[in-house]
Amino acid sequence: RLYAKGRRLSRPTVHCYVIENRAHAARFSVVCGRKVSPKAVTRNRLKRVARATIATLQSDHAPTHDFLVVLRPAAAGNEPQLRQDLAALLPAKRPA
């Protein structure tokens with residue numbers, strides 16, 4: 001359903017699929033396939049970087065949406081660009 005009906009946003013290092021959900025909270029999932037890197041250590045590191053970036057950017061703008069973040073091969077070895085692309089795709093927190 002997410003791939004078929006979700007909205008797709010793309011940057012050089014990441015694809016992001018967004019769809020409304022019935023939960024009362026935003027949900028994020030990060031996927032990193034073997035095409036990105038054959039080494040599990042590298043893939044897990046990229047997922048940790050992505051999750052940490054999402055946690056700092058987690059928005060209250062869309063609390064009823066699901067986000068699927070799919071890392072692309074350009075993300076391998078390019079963590080600063082990955083952070084920039086995630087920041088561009090996900091809205092920042094509103095100031096308190």
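A residue counts as buried when its relative accessible area is under 20%, as exposed when that area is over 50%, and as partly exposed in between. Keep that in mind as we walk through this predicted model and look at its charged pairs.

Let's start with R45. This residue has 43% relative accessibility, so R45 falls in the partly exposed group. What does R45 form with E79? The two are joined by a salt bridge, and their closest N and O atoms are 2.7 Å apart. R45 belongs to helix α2 (residues 40–57) and E79 to helix α3 (residues 79–89), so this pair ties together parts that lie 34 residues apart in sequence. E79 itself is buried, at a relative accessible area of 16%.

E79 has another partner, too: its side chain meets that of R83 in a salt bridge, at 4.0 Å from N to O. R83 and E79 sit four residues apart in helix α3, which puts about one helical turn between them. R83 is partly exposed, with a relative accessible area of 39%.

R27 is in strand β3 (residues 27–31) and D66 is in strand β4 (residues 65–71), so the pair ties together parts 39 residues apart in sequence. R27 is partly exposed, with a relative accessible area of 45%, while D66 is buried at 15%.

How many salt bridges does the structure hold? There are four, and the ones on this tour are among them.

Conventions
Residues are numbered from 1 along each chain as its sequence is written. This is a predicted model: local features need pLDDT of at least 70, side-chain atom pairs count only at pLDDT 80 or more; totals for chains, interfaces and linings use all residues. Side-chain values use heavy atoms; hydrogens and water are left out. Helices (H or I, at least four residues) and strands (E, at least two) are DSSP runs, numbered from the N terminus. Buried means under 20% relative accessible area, exposed over 50%, partly exposed in between (1.4 Å probe, protein chains only).
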